[in-house]
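Visitor: Could we go through this structure together, starting with its interior and then turning to the metal site?

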Amino acid sequence: MIPIKSKNEIDKIRKAGQLVAKTLDYLKTKVKPGITTRELDILSVEFIDKCGAKAAFYGYRGYPAHVCVSINEEIVHGIPSGRVLRDGDIVGLDFGVEHEGYFGDAAITLPVGKIDKQAQQLIDVTKEALCKAIEVAKKGNHLSDISHAVQKYVEDNGFSVVREFVGHGIGSKLHEEPQIPNYGEPGIGVKLEAGMVLAIEPMVNAGGWKAEVLEDGWTAVTKDRKLSAHFEHTVCITEDEAAIMTAL
Ligand code: MF3
Ligand code: CO
């Protein structure tokens with residue numbers, strides 16, 4: 001069963017989501033060559049503390065940090081460390097907030113300094129794939145229309161979609177039903193209804209779709225070690241266009 005949220009719950013998710021957006025917007029200004037990923041982690045928790053909210057990922061299934069920072073071939077769930085961001089890297093920042101018992105979750109991928117053309121194209125295609133997905137995240141459409149929209153746009157542009165990780169429902173828990181793969185046939189599965197809240201998160205690889213998890217038990221990387229990008233928004237299905245909960 002996919003929970004349908006009340007207006008009151010949606011308001012709380014939106015509040016959490018806005019804090020996610022603000023934190024990512026703040027971290028964006030700090031991403032440059034020379035900063036360590038741990039510094040980004042500290043900045044994120046200081047920022048969200050000041051807002052009076054809680055970073056949602058810390059301690060989730062034992063996750064040891066507040067933000068996921070995934071560099072280059074890292075797809076998702078990179079753990080902040082002493083690693084320094086370098087000119088030409090691409091970096092994914094994934095952040096979640098819990099506020100008054102409700103969650104918001106979003107991710108962006110950013111260039112560090114000057115990046116090459118293919119890396120920029122990967123970022124642009126991944127971001128646009130999320131837009132395409134949100135466009136079809138409408139009452140009456142099927143859940144798999146979201147999956148299909150991502151896969152089609154990404155593959156039409158010569159990249160591949162990760163299969164091993166999926167988007168998800170979100171609300172009073174970080175992960176709720178349903179799972180939202182980034183690939184699949186359109187027109188199957190449940191129909192979307194107003195009040196469903198979904199975290200849609202395309203993960204796109206420059207090379208093949210296969211992933212593996214490093215020995216730290218978290219960091220997912222591309223099997224071929226080619227670049228990967230990730231964007232995510234928490235959205236609410238309404239009577240017409242989906243409402244983005246993780247907008248500023
Ligand atoms: N946005 C990711 C997700 O929804 C972040 C989870 S990381 C974890 O799965 F540390 F919380 F697990
Ligand atoms: Co998520």
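**Core and cobalt site**

Guide: The largest nonpolar core has 54 residues, and those with the most contacts inside it are Val91, Leu93, Ile146, Leu198 and Ile200. Such a core is a set of buried Ala, Val, Leu, Ile, Met, Phe, Trp, Tyr and Cys residues joined through side-chain atoms within 4.5 Å; buried means under 20% relative accessible area (1.4 Å probe, protein chains only). The model is predicted: local features need pLDDT of at least 70, side-chain atom pairs count only at pLDDT 80 or more, and totals for chains, interfaces and linings use all residues. Side-chain values use heavy atoms, without hydrogens and water, residues are numbered from 1 along each chain as its sequence is written, and chains are lettered from A and ligands numbered from 1 in the order in which they are written.

Visitor: Which element gives the most to this core?

Guide: H3 does, with 8 residues.

Visitor: And the metal: which residues are the protein donors of the cobalt ion (ligand 2)?

Guide: Asp105 (OD), His168 (NE2), Glu201 (OE) and Glu232 (OE), at 2.1 to 2.3 Å from the ion. Donors are N, O and S atoms within 2.8 Å of the metal (3.2 Å for Na, K and Ca); water is not among the atoms, so sites may look incomplete.

Visitor: How are the donor residues spaced in sequence?

Guide: The spacing is D-x62-H-x32-E-x30-E. Asp105 lies in strand S5 (residues 102–111) and Glu201 in the loop between strands S9 (197–200) and S10 (203–205), so this pair ties together parts 96 residues apart in sequence. Strands are DSSP runs (E, at least two residues) and helices likewise (H or I, at least four), numbered from the N terminus.

Visitor: Is Asp105 buried or exposed?

Guide: Asp105 is buried, with a relative accessible area of 3%; Glu201 is buried as well, at 7%.

Notes:
Buried < 20%, exposed > 50% of the residue type's maximum accessible area, 1.4 Å probe, protein only.
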